[in-house]
Amino acid sequence: MTQLALALCWAAQQSADASLMERYIQGLKEVDTSKFLVLSAIIFSIGIGGVLIRRNIIVIFMAVELMLSAANLNFIAFARYWQTQGSLYAYNGHVMTIFVIVVAAAEAALGLGLLLALYRNRETIAVDEINLLKW
């Protein structure tokens, strides 16, 4: 109830300053770094949830790729921020993103190869039934 009241107060203040649509359009034109970071955190959380909850190893691979994409989004967001600040190292984020993409491609190729070999031996891709490395 308190949050609803705070939201209504916030909306009343926003409508007094400028129309909400004008602020929305301005927000779309001038996207700041914090929005990218929040989006990246959400994508990374979805990836962690996929790794922790799902039992299918292919879905786990896809969740790991989602987490790597969130890291890439962070690198690009900071590179964009550094470019606007006029830093000499403004392209470090782009270089790191390319490096992460290359590592992710290698990880996917190796992981899918191991998964194919595992499926041929065990005929399952469920994580619970894979116990080759357990004592």
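Which helix gives the largest share of the nonpolar patch? Please take me on from there to the neighbouring topics.

Modeller: Happy to! Keep in mind that this is a predicted model. The largest share of the nonpolar patch comes from helix H3, residues 33-53, which supplies three residues. The patch covers about 340 Å² of the surface and is made by Val 38, Ile 42, Ile 46 and Leu 66. You can find Val 38 in helix H3.

Now follow the chain into the loop between H3 and H4, where Arg 55 sits. Arg 55 forms a salt bridge with Asp 128, and their closest N and O atoms are 3.6 Å apart. This pair links distant parts of the chain, since Asp 128 lies in the segment after H5, 73 residues apart from Arg 55. Arg 55 has a relative accessible area of 44%, so it is partly exposed, while Asp 128, at 53%, is exposed. A search of the whole structure finds one salt bridge.

Next comes helix H4, residues 57-85, which holds Asn 72. Asn 72 counts as buried because its relative accessibility is 12%, and the cut-off for buried is under 20%. Leaving aside neighbours within four places in sequence, Asn 72 is in contact with Thr 97, Val 100 and Ile 101. The axes of H4 and H5 come within 9 Å and cross at roughly 175°, so the two helices are roughly antiparallel to each other.

Notes: Residues are numbered from 1 along each chain as its sequence is written. This is a predicted model: local features need pLDDT of at least 70, side-chain atom pairs count only at pLDDT 80 or more; totals for chains, interfaces and linings use all residues. Side-chain values use heavy atoms; hydrogens and water are left out. Patches are made of residues with over 30% relative accessible area and no salt bridge: like charges are joined within 9 Å, nonpolar side chains (Val, Leu, Ile, Met, Phe, Trp, Tyr) within 5 Å. Accessible areas come from the Shrake-Rupley method with a 1.4 Å probe; for residues, only the protein chains shown count as cover. A salt bridge is a side-chain nitrogen of Lys or Arg within 4 Å of a carboxyl oxygen of Asp or Glu. Helices (H or I, at least four residues) and strands (E, at least two) are DSSP runs, numbered from the N terminus. Buried means under 20% relative accessible area, exposed over 50%, partly exposed in between (1.4 Å probe, protein chains only). Contact means heavy atoms within 4.5 Å. Axes are lines fitted to C-alpha atoms, for helices over the stretch in contact, and angles run from 0 to 180 degrees between N-to-C directions. Angles under 35 degrees count as roughly parallel, over 145 as roughly antiparallel, 65 to 115 as roughly perpendicular and the rest as oblique.
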